[in-house]
Amino acid sequence: MAAKNDASSAILLHRPAFDWGNVVVHILLPLSGVLVALLIGAIMLLILGVNPIGAYGAMVNGAVGSVSGITQSLVEATPLLFVGLGICIAFRASVINIGAEGQIMLGAIAATWFPLTFHTWPGWLLLPATLIVGFVAGAGWGFVPGILKARLQVNEILSTIMMNAIATQLLYLLIRGPLMDPAGVAAGTFLAQSARLPQQVWMPRLIPQTLLHAGAILAVLLALVVYFFLWRTTIGYRIRAVGLNPDASRYAGIVVPLYQALAMTLAGGLAGLAGAVEVIGVQHRLLDGITSGYGFTGIVAALLGGLHPLGLIPASILFGGLLVGANEMQRAVQVPSSLITAILGLVVLFVSGSAIWSRRWESQRKVSTREGEGTS
Amino acid sequence: MSTAISSAALIGILVSMINLATPLVYAAVGEIFAQTSGVVNLGVEGIMLLSGYAAFYVALNTGNLWLGLLTAAIVGLVLGLLMSLVSVTLKAEQGISGIGLYMFGLGMSSLLFKIMIGTVKTIDGFQAVKIPWVGDLPVIGPILFRHSIPVYGAFLLVPVAWWVLSRTTLGLQIRSVGQNPAAADSLGIHVDRIRYFSVCLGSVLAGIAGASLSIALVNLFQDNLTAGQGFIAVALVYFGGWSPWGVMGGALLFSIVNSIQLWMQVLGVKIPSDFAVMLPYLMTIAALMVTVNRARQPAALNKPFERGEN
C-alpha cells in the first residue's frame, strides 16, 4: 500500500484523456505494420509466381466471407486471447514468455486426463474443475522458467523455448502411450490421439452448427479481469512497476524476482486455459498439433494489442481471422499457410521496431504534462 | 550389459560428436560477436533455417556446393542487416525482435521449401577430406582428420575468433561498445557501426551453420530442419562465458551426450525415444542453470545505446 503513495505512481497510474496522438501511436502505427507485412508477403508471392490478389482474396473470403468463416475466426481468436492475456502480464513485468506453446500443451494434457479419469462427475462440477486443472498445469509449466529466472537468473526466453520442445515430446509420448485412445488400440489403427472426452465436459456451443463455444465469452470476461488485476490491484501494480523500473521497485521494497516469477506463472496458467478450452470446446480430445502455433501467434496479438488486455480483444480477432483465412488460402489456391508464420514474424519485427516512435511520443507527452503542471 | 562398447563404436561416437558440434560452433561463435557488442540476436534459429534452405536449394539446382555456401552467407548477411536495423537503429526490445526474425525464417523457409522443392530430397553434400599423414593415424585420424571442409572450418574459426576478440583493435572496439557504449562513443568509436558489423558477422556465421547442416552433414532440407539448434547455440554462449573456447567446449560436451544417446538407440539399449529427444533441451536448461561466469557478461548486453542517456 505504501508503494501506491510513491511519487512515481502518479506516472504509472496516469491515464491520459483521449487524444489523436494516442490513436496514431497505439493503433495506426501497429496496424500499418500489419499492412506492410502483408504487402511484403504479396511481393514474395509475386516472386514465387503466385497471384497475390487471388491468394489474399481467398484469405479474406475464408475469414469473413461466410457465417462459418466469421464464427471460425472467433473460435481461433479465443485461444489467442487467453494466451495474449498471459503475455500481457508477463511482458508488463519485463518477463519475455516465449513458452506459451508448451504451456498450452500442458493445459490441454491436463484437461484431457482429468475428465477422462473423473468421467462420472456431473458437468456442472467437471467443467469448471477441468478448467482449473488446465490453468494449474499451464501455471506449473510457467512456474519452472519463472523460478529459474528468479533464483538462478536463467534467461527465460531460452528456457521457455526449451520447455516448449520438452512439452512437444511429452505430448507425443502421452498420446502414443498412456493417453492413447483405447478404441484405436482395439481397432488396430493406433491413431496418435486420446479418447473422446465425456459429453458433460464439452463447452456449450453459442451458435448451433458452428464451433463457436462459451470459451469465447470466458476469454472476454478474463480480459476484463486481467485489466482490473493489472491496473486496480496492488499485485498488478507491482507487476507493472517491476517491468517499468526494476531498480526503483527494489528500492520501494518490492521483491522483483518474486513478482517476475509470479507473472510468468500467471502467464503459464492463462496459456494452460487456452489449451484446456481448445480441448473441451473444440476438439473434445487431445491431438498432435493441438496448439496450432497459438503460443506464437498469441505473442504477436499481444504486441499488436499494445500489451493491453482490452486492446488484445480486437487484435486476437484480427489474427484469428488471419489464421482461418490462411487455411482457406492453402485449400483454395495451394499457398502454404507457412506464409502466415513469415508474415507474423515481420509484424513482430515492425511492431518492436516502431515502438521507438511511441516511446518518444510518450516521453514528449510526459515532459509537456509536467510543464503544464508547473505553470498552473 | 553384454554389448560392451567396442573401440569402433567409441570412434563412431566421437566422430559424430564432432559432426553434431559443427553447426553449434558456427552459430554460437557468431552469437559471441553479436553479444560481445551488446546485442542479443535470438534470430539465429531463423537465420539458420532460411540459410540452410537457400544453400540446399542452390546446391540442388546448380550442383555447386560452394555456391550454396556463399548463398547461405549472403542470406545470413541480409537477415543480419534486418536484425541490426530493428535492434540497433530502432532500438527494439532485442528478445522480441529476435523472435520475430525466428518466425520469419521459420515461415519463409517452409514456404519456399514447399513451393520450390516440394518433397524431401537428398544431395551429395561436402565429402570428407582426409588430411595427409595425420589422417592415417590410428584412432585420432578418423576422429579428427577425416571430415568435410565445413567441419574443419568450424574448429579453425574458434582460435581465429578468440584472436580477433581478444588481440585486435577491432576486438577491443567490439568489447568496448558491449561494456560501456557511452565511454566508447566519447572515444570516437562508432557504437552503432560496430554493433551492425558484429551482428552481421554473427548472422553470416549463423547462415554458414545452417548450410553446414543442409549441405554438409544431413544433406537434405525439411521443415524446421534445425529443431532448436539455433536457440541451443545462443544458450551455449551463456554457458561458455562469452569465450570461443568455452563455447566450443560446451558444444562438444553437448554433442557427445547426444551422440552417446544416438548410439545407444542404434545398439538397441531400451530408452524411450521421446525421452531421448527431450535430452538436448533438458541439457540446455541445465547448462543455463550452471552458467557460472556471469561476471563476464557484457555490461551493456540487451541495452540499446542512445547518445545523451546515462
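The contact between the chains takes 44 residues from chain A and 44 residues from chain B, contact meaning heavy atoms within 4.5 Å. The structure is a predicted model, in which local features need pLDDT of at least 70 and side-chain atom pairs count only at pLDDT 80 or more, while totals for chains, interfaces and linings use all residues. Residues are numbered from 1 along each chain as its sequence is written, chains are lettered from A and ligands numbered from 1 in the order in which they are written, and side-chain values use heavy atoms, with hydrogens and water left out.

Chain A and chain B bury about 3800 Å² between them, and 82% of this area lies on carbon and sulfur atoms. Buried area is here the accessible area (1.4 Å probe) that two parts lose on being put together, summed over both. The count between the two chains is 1 salt bridge, defined as a side-chain nitrogen of Lys or Arg within 4 Å of a carboxyl oxygen of Asp or Glu. A salt bridge joins the side chains of B:E306 and A:R360, with an N to O distance of 3.5 Å.

Helices were taken as DSSP runs (H or I, at least four residues), numbered from the N terminus. Helix 4 of chain A (residues 67–92) has 26 residues, which at 1.5 Å a residue should span 38 Å; the end C-alpha atoms are 36 Å apart, in agreement. The expected span is 1.5 Å times one less than the number of residues. Of the 26 residues, 20 are buried, so helix 4 of chain A is largely enclosed by the rest of the structure. Buried denotes under 20% relative accessible area, exposed over 50% and partly exposed in between (1.4 Å probe, protein chains only). The helix is followed by A:S94, whose phi is positive, near 65°.

A:S316, in helix 14 (residues 309–333) of chain A, counts as buried because its relative accessibility is 1%. Leaving aside residues up to four places away in sequence, A:S316 touches A:A77, A:L80, A:L81 and A:A301. In chain B, T36 belongs to helix 1 (residues 7–36), and B:T36 is likewise buried, at 8% relative accessibility.

Over all chains the disulfide count is 0, a disulfide being a pair of cysteine sulfur atoms within 2.5 Å. A:C88 is buried at 0% relative accessibility, and B:C200 is buried with a relative accessible area of 8%.

Methods. Helices (H or I, at least four residues) and strands (E, at least two) are DSSP runs, numbered from the N terminus.
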